[in-house]
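Here's a quick briefing to read with the structure open beside you.

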Amino acid sequence: MNRGLIVKFENLVQLRGACRQLRTVSYRKVNRAQWKPVQSSAYPVQSVHLYPQFWQKDKSISVALSQHRHLATTELLNIFLSSLDHVYEALLYTDIDLGSIEADSILNEDYIKLIVKKSGMKYKSAKLKEEKERENTDAVKRPPADPALLTPRPPVVTIMGHVDHGKTTLLDSLRKTQVASMEAGGITQHIGAFLVHLPSGEKITFLDTPGHAAFSAMRARGTSVTDIVILVVAAEDGVMQQTVESIQHAKNAGVPLILAINKCDKPEADPERVKKELMGHDVICEEFGGDVQAVNISALKGENLMVLAEATVALAEMLELKADYTGLVEGTVIESRKDKGKGPVTTAIVQRGTLRKGCVLVAGKTWAKVRFMFDENGKAVDAASPGIPVEIMGWKEVPSAGDEILEVESEQRAHEVVAWRTYVEQQEKMRRDGEVIEAKQKEHRVEYEKKQQKLAHLTWRQRKALLYKTNKHLMFSKPKERTEVDKNVLSVIVKGDVDGSVEAILNILDSYDADHECRLDIIHFGMGDISETDISLAEAFNGVVYGFSVKANETIKKLAAKKGIKIKLHNVIYKLIEDLQDELNSRLPPSVVENTIGTASVLDVFSVTVGKNKIPVAGCRVQKGQLDKKMKFKLIRKGDVIWQGSLSSLKHHKDDVQVIKTGMDCGLSLDKHIEFNIGDEIICYEEKEVQQTTSWDPGF
């Protein structure tokens, strides 16, 4: 073969890299090319399905057809992977213009047929099926009801404010329970919904949202279903970070505020200062000409709680809150979890219609036939009207907190809705994946072309030999050994008690921005106790299992210890994040820090003869600290480091010494013959390894 033909063949070989990149996409999106052996006396005869050009009816079919051609080229090269010369020989006997084949060319049907035929194979043509557009079968809300049919309903009130300002204590006093004493660390860890019956006969539904900064997203969700926000501010602390966040959430949702100034029983309480501070955030109380009611309370002692409740009822009357109690149910998932005895359970607030046992509901990509309903005290109820919180049993899977609940006519209809939503999500995922794959392909193509430019002077055989030699160590290493090459990776599994808690943790982890220091890889998350599957997954990725308000039984703990897997269990979210930060820091390589022990100035220079060599010696005086011969030294001249190393000798009055202290004179020589200058500085120092910390700030 002449040189020109070899270069053209090399262009064809380059196609294989591009084809392999597209093979994953093509394999799943279209029917894979089928090869079936047939009898032949010359070569192993096989058949390939080809897709004729007359099927190019629109742009989507054309794209799919191009993918098929890429696939056919890939399969063709894979068949002759052991002998590429065979493909070249087949091309020599065709009239293909090899000069027209570029690195990103797509071989059309005629070229593939010729190559297949000259290679001793047979081919079949197969038709490409055109997928019909699916009909939208999603469930949607009903049109607004006739105002004449609307009936008053209880207001839904959200308690918001900074952590430890007394939100949960306020609810405890209102409903005479002790939720705060059961919460880990005294901090509410997930949303709870409660119905409070006031002595006046009025009903108020309260949402107790977490006060911790980590759950800002859950607080935002709380305002999406609420009518009134009670902003709790401690009288002695005033406006804090999460107070401002709560105000912003209420404004974004267009929800009116009632100010509850808590802890007014304390000597240092200053309610007037709180009101003035809030004016800077556009929260103006009635006494200053605004429209925000302010009530001074003591949640712990139960002072003025009825005044706060009356203010809430009065505001609710002004808002004229009404709902349609008839027809299909509409609502919102406030919280969801997996219960060992009850299965998937949700806490929801009904917003329209009346929920009863036997109703078929859809939320997100799951559905339920309501088996049982419970109130906030765990008592079974038969119906739940608008504004009433209720716990629902009967879900097939756990929906996400914040999902919209819609009632449908039958179980068959529920299946249709879930199937459609799953399909839409898959299509969206395919679209996003396609964009990522396209970007990656472009990136890989640029890298590939750069590598090929470096190898342009080599023949294809020389290139193959060079690539084999370069990647040989990876080809023969085990998969686990390959993953251990990159040690600056922390793989984590997150398990939580309820959906909202897991979501809040993931939201914090999404803010991680220090991948350049240590990559954080979330390989799995879910609800429920730590399982054997979690341990196996952590072992495969050398990861750590984090559990929030969940348990790991003794069998699981022993299995984890046997496999060397860490299980970190926490009940307070910021403790979990701090633990994760420590784990990230432990993966970082230690940094070396120099600690100066002493400095000395060169006052005179001379030399001594040792054998046939003259050794430069510096007459020094220690200005600060001490010089220790065992440590490392630097020679500084006009601010520049001239030398680093060890001393060969350190003398005081002709005596060899180990240490020279401040104010003492000495003579020293270096382990390398370097001339000293008067005025040079000698630095004695030691090197210490210091554990690095990530630059990630989760916002606590």
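Let's start with the cysteines: Cys285 is buried, at 1% relative accessibility, and Cys684 is buried too, at 0%. A search of the whole structure turns up 0 disulfides. Keep in mind that this is a predicted model.

- Strand S7 (residues 228-234) runs parallel to S8, and 6 bridges join the two.

**Salt bridges**

- The whole structure has 36 salt bridges.
- Asp227 and Arg153 make one of them, with their closest N and O atoms 2.8 Å apart.
- That pair links distant parts of the chain, 74 residues apart: Asp227 is in the loop between helix H7 (216-223) and S7, while Arg153 is in the loop between strand S3 (151-152) and strand S4 (156-161).
- Asp227 counts as buried because its relative accessible area is 13%, under the 20% cut-off.
- Lys301 forms a salt bridge with Asp265, and the closest N and O atoms there are 3.9 Å apart.
- This pair also ties together distant parts of the chain, 36 residues apart, with Lys301 in the loop between S9 and H10 and Asp265 in the loop between S8 and H9.
- Lys301 is exposed at 55% relative accessibility, whereas Asp265 is partly exposed at 30%.
- Arg431 and Glu428 meet through their side chains in a salt bridge of 2.4 Å, N to O.
- Those two sit about one helical turn apart, because they are 3 residues apart in helix H11 (residues 411-454).
- Arg431 is partly exposed, with a relative accessible area of 41%, and Glu428 is partly exposed as well, with 31%.
- There's also a network: salt bridges with shared partners join Lys566, Lys568, Asp579, Glu583 and Arg587.

**Loop residues with positive phi**

- Glu320 isn't a glycine, yet its phi is positive, near 50°.
- You'll find Glu320 in the loop between helix H10 (305-319) and strand S10 (322-323), and this residue is exposed at 61% relative accessibility.
- Ser549 is another residue other than glycine with a positive phi, near 55°.
- Ser549 sits in the loop between strand S22 (544-548) and helix H16 (554-563), and is partly exposed, with a relative accessible area of 28%.

**On the surface**

- Phe606, Val608 and Val610 form a nonpolar surface patch, with about 240 Å² of accessible area together.
- Val610 belongs to strand S24 (residues 591-610) and is partly exposed, with a relative accessible area of 47%.
- Asp655 lies in strand S29 (residues 655-656) and is partly exposed at 47% relative accessibility.
- The C-alpha atoms of Asp655 and Cys666 are 9.6 Å apart, with 11 residues' separation along the chain.

Definitions and conventions
Residues numbered from 1 in each chain as written. Predicted model: local features only at pLDDT ≥ 70, side-chain atom pairs only at ≥ 80, totals over all residues. Heavy atoms only, no water. Pairing = 2+ DSSP bridges. Helix = DSSP H or I, 4+ residues; strand = E, 2+ residues; numbered from the N terminus. Patch = residues over 30% accessible without salt bridge, like charges linked within 9 Å, V, L, I, M, F, W, Y side chains within 5 Å. Areas by Shrake-Rupley, 256 points an atom, 1.4 Å probe, with all protein chains shown as cover. Salt bridge = Lys/Arg side-chain N within 4 Å of Asp/Glu carboxyl O. Buried < 20%, exposed > 50% of the residue type's maximum accessible area, 1.4 Å probe, protein only. Disulfide = S-S within 2.5 Å.
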